[in-house]
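Trainee: Could you take one part of this model and go through it closely with me, with the cut-offs behind each term spelled out?

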Amino acid sequence: MKKLFLSLIFILSAFSVFSQSDVKQIVVPKKIYVGDTAQLHYTFRSGVDFFPDEEFLSEKKLIPEKFPFSLDNEDFTILNAVLLRNGDLYTVDITFIPWKPGVLKFPSFDLYSLVFGNASIAFEIDLDAIEVSSVLQNDDVSLRPFVSPLLFPGTIYFVYGGFILLLILLVMAVQFAVRWREFSDKIKARRAVKRYARSSRRALRQLKKLEKNSSKINDVAFCTAIQKIFREYLTVRFGINFFALSTNQFVVAFHKATGGVMEGFIIDNLEAIVEIFMRMDYVRFARNSIDSKKLPENAHAARLQEGERAEKIETSRAIIRLFERGK
């Protein structure tokens, strides 16, 4: 009798696990570009209780290590992933940044494992593909194929008239195609300029906030914040994922982004950025190393010197403003 009761419980549990309904996936914003921060909301109903004995808890952070894929790769970076509850309605909320245009498909994952750290019950989540756009890609504008004129028996004038009309329409179509391409390129260029402007304003606001709270954080946190601000700004500005690059890869990335042709102000800014990142890396990772104990102390100590924070923030502002002015 006891075995029968346990089997019944197991069958009911399994049924509740797989009886998902009312599944709905929403991506915000609807139009996503490379480098944008977007949110994916995957909502469903289920009999599985992902919040056992947690009556007043409505949100859980998913365990990053339990994802069956890297959260930071060439295709995307997942910034945050949580599970929200509203009664028996659950929402998987993923904040991410796409790095490539085209179709983005997240690999499927076991939600039960991400919530509880084990896979005693399989609860597979298979997200729909997402379209990622690029403001730099060109539209394909092509002409319709040539249509032969209709022949009218009994007169040649209709044939000549048809050819002339077709020629006029062809010329008009070519002019329209050229003007449309020019118009489309201008629209895309304006969108790109607006995105660059938003990105620079955001970076400058973050620097101002960091400057205000500088006295409340240690050197490692300060250096990490400076690097994060620059990586976000450069990723949008040049369309390359700077979060996946180490400091010594920046020069190659800049050459790739500019097609190997870098103006003087870009070279100057690149040198300044690399210098900042090398200093920040040293403070973050050289603590208690042999180099950090060399003399003189102000040249080798793995900590920021007096006034260095303010100097690094001001230099960062100047670099961003030079990029936006273009000289």
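Mentor: What follows is a close look at helix H3 and the contacts around it. The model is predicted, and local features need pLDDT of at least 70, side-chain atom pairs count only at pLDDT 80 or more, and totals for chains, interfaces and linings use all residues. Residues are numbered from 1 along each chain as its sequence is written, and side-chain values use heavy atoms, with hydrogens and water left out.

Helix H3 covers residues 157–212, where helices (H or I, at least four residues) and strands (E, at least two) are DSSP runs numbered from the N terminus. It packs against helix H8 (residues 308–325) at an angle of about 170°, the two axes being 10 Å apart; such axes are lines fitted to C-alpha atoms, for helices over the stretch in contact, and the angles run from 0 to 180 degrees between N-to-C directions. That makes H3 roughly antiparallel to H8, given that angles over 145 degrees count as roughly antiparallel, under 35 as roughly parallel, 65 to 115 as roughly perpendicular and the rest as oblique. On the H3 side the contact (heavy atoms within 4.5 Å) includes Tyr-196, Ser-200, Leu-204, Leu-207 and Lys-208, while Ile-313, Arg-317, Ile-320 and Glu-324 are among the H8 residues that they meet. By class, the contact of H3 with H8 has eight nonpolar, two polar and five charged residues, with Ala, Val, Leu, Ile, Met, Phe, Trp, Tyr, Cys and Pro counted as nonpolar, Asp, Glu, Lys and Arg as charged, and the others, Gly among them, as polar.

H8 also packs with helix H4 (residues 219–238), at an angle of about 0° and with axes 12 Å apart, and H4 and H8 are therefore roughly parallel to each other. Ile-313, Ser-316, Ile-320 and Glu-324 are among the H8 residues that meet H4, and each of these is also listed in the contact with H3.

Asp-36 lies in the loop between strand S2 (32–33) and strand S3 (38–45) and Arg-195 in helix H3, so the pair ties together parts that are 159 residues apart in sequence. The structure holds 14 salt bridges.

Key:
Salt bridge = Lys/Arg side-chain N within 4 Å of Asp/Glu carboxyl O.
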